[in-house]
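This report looks at the disulfides of one protein model and then at one of its sheets. Please keep the sequence and the structure at hand while reading.

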Amino acid sequence: MKLLNLFMYADVLMLGMVIWIVPTYGHEPHPHPHPHESGWVDGRATFYGDINGGETQQGACGYGNLHKQGYGLETAALSTALFNNGSTCGACYEITCTNAPEWCLPGSIKITATNFCPPDYSKPKECWCNPPQKHFDLSQPMFLKIAKYKAGVVPVKFRRFPCAKIGGVKFEIKGNPHFLMILPYNVGGAGDVRAMKIKGTRTEWIPMKKNWGQIWSSGVVLTGQCLSFRVTTSDGVTKDFMDVTPPDWGCNGQSFDGKINF
């Protein structure tokens, strides 16, 4: 009888060990990777403009003076395959030169997408921005951080990473009272805006439409009201920027600080 009890005790002990061990190893958490933590992707890079960043201002994303807007020379124009009709404007990338030891320099750069590198179908074999190629046309100073000037074009590896911006998201207002055009810039986190809504002091949230690049528009007249903005970035994060403007705002290109960031 004592022997039987001993076996029963051993069975219970083994069962307890199994119950304890299985949750430890069988339920190991498997978090989904963050959209910005994907692996490195192959691409190419060239440069445009001069050593001072000439010709890199303005562009297809709707940004203006990149120095005043906080982007500086750490920028790039994206090929068709990456630009996504302007939806990728504002996204941040880390880029490193690879597989060309005679041209590559060590290290990597971090840039914000601020422009579009147009395709040239008359040169299907030599225009790096033609689809489906994933290509970055960097400002010259940024290109020279990862490759030698004489290289001209180099193979690279790149990946998205969260944008780190100083200060709050800024909102530039253009257009006219009947057709507002809003440019959000200095956007942290994912960097690229997927959706926007606008709200006056006396209204509910009103969806805005993508106009071009990162410029969003609304045909609702909101003069005399403080403006608030609801911004959703490409990773699904939404933030409200309340009473960003005074009631006497204008459409003259003035920018207002949203105070917070992603």
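## The disulfide of Cys-92 and Cys-163

In this predicted model, the torsion about the S-S bond of Cys-92 and Cys-163 is about 120°, so this disulfide is right-handed. Cys-92 lies in strand S3 and Cys-163 in the loop between strand S6 (154-160) and strand S7 (170-176), so the pair ties together parts that are 71 residues apart in sequence. The sulfur atoms of Cys-92 and Cys-163 are 2.0 Å apart, and both of these cysteines are buried.

## The disulfide of Cys-61 and Cys-89

Another disulfide joins Cys-61 to Cys-89, with a distance from S to S of 2.0 Å. Cys-61 is found in the loop between strand S1 (41-48) and strand S2 (75-78), while Cys-89 is found in the loop between helix H2 (80-83) and strand S3 (92-97), so that the bond ties together parts that are 28 residues apart in sequence. The torsion about the S-S bond of Cys-61 and Cys-89 is about -80°, and the disulfide is therefore left-handed.

Cys-61 is buried, with a relative accessible area of 0%, and for Cys-89, which is buried too, the value is 0%.

## The disulfide of Cys-117 and Cys-129

Cys-117 and Cys-129 form a disulfide in which the sulfur atoms are 1.8 Å apart. Cys-117 and Cys-129 both lie in the loop between strand S4 (109-116) and strand S5 (135-139), so the pair ties together parts that are 12 residues apart in sequence. Because the torsion about the S-S bond of Cys-117 and Cys-129 is about 90°, the disulfide is right-handed, and both cysteines are buried.

## The overall pairing

How many disulfides does a search of the whole structure find? The search finds 4 of them, and when the bonded cysteines of the protein chain are numbered in sequence order, the pairing reads 1-2, 3-8, 4-5, 6-7. As for Cys-226, its relative accessible area is 19%, and this residue is classed as buried because the term covers values under 20%.

## An open sheet of 5 strands

The model also contains an open sheet of 5 strands in the order S11-S12-S8-S7-S15, with antiparallel pairing. Strand S11 (209-212) and strand S15 (255-257) are the edge strands, each of which pairs on one side only. Neighbouring strands of this sheet are turned by 35° against each other on average, direction ignored.

Terms used
Residues are numbered from 1 along each chain as its sequence is written. This is a predicted model: local features need pLDDT of at least 70, side-chain atom pairs count only at pLDDT 80 or more; totals for chains, interfaces and linings use all residues. Side-chain values use heavy atoms; hydrogens and water are left out. Two strands pair if DSSP finds at least two bridges between them. Helices (H or I, at least four residues) and strands (E, at least two) are DSSP runs, numbered from the N terminus. Axes are lines fitted to C-alpha atoms, for helices over the stretch in contact, and angles run from 0 to 180 degrees between N-to-C directions. A disulfide is a pair of cysteine sulfur atoms within 2.5 Å. Buried means under 20% relative accessible area, exposed over 50%, partly exposed in between (1.4 Å probe, protein chains only).
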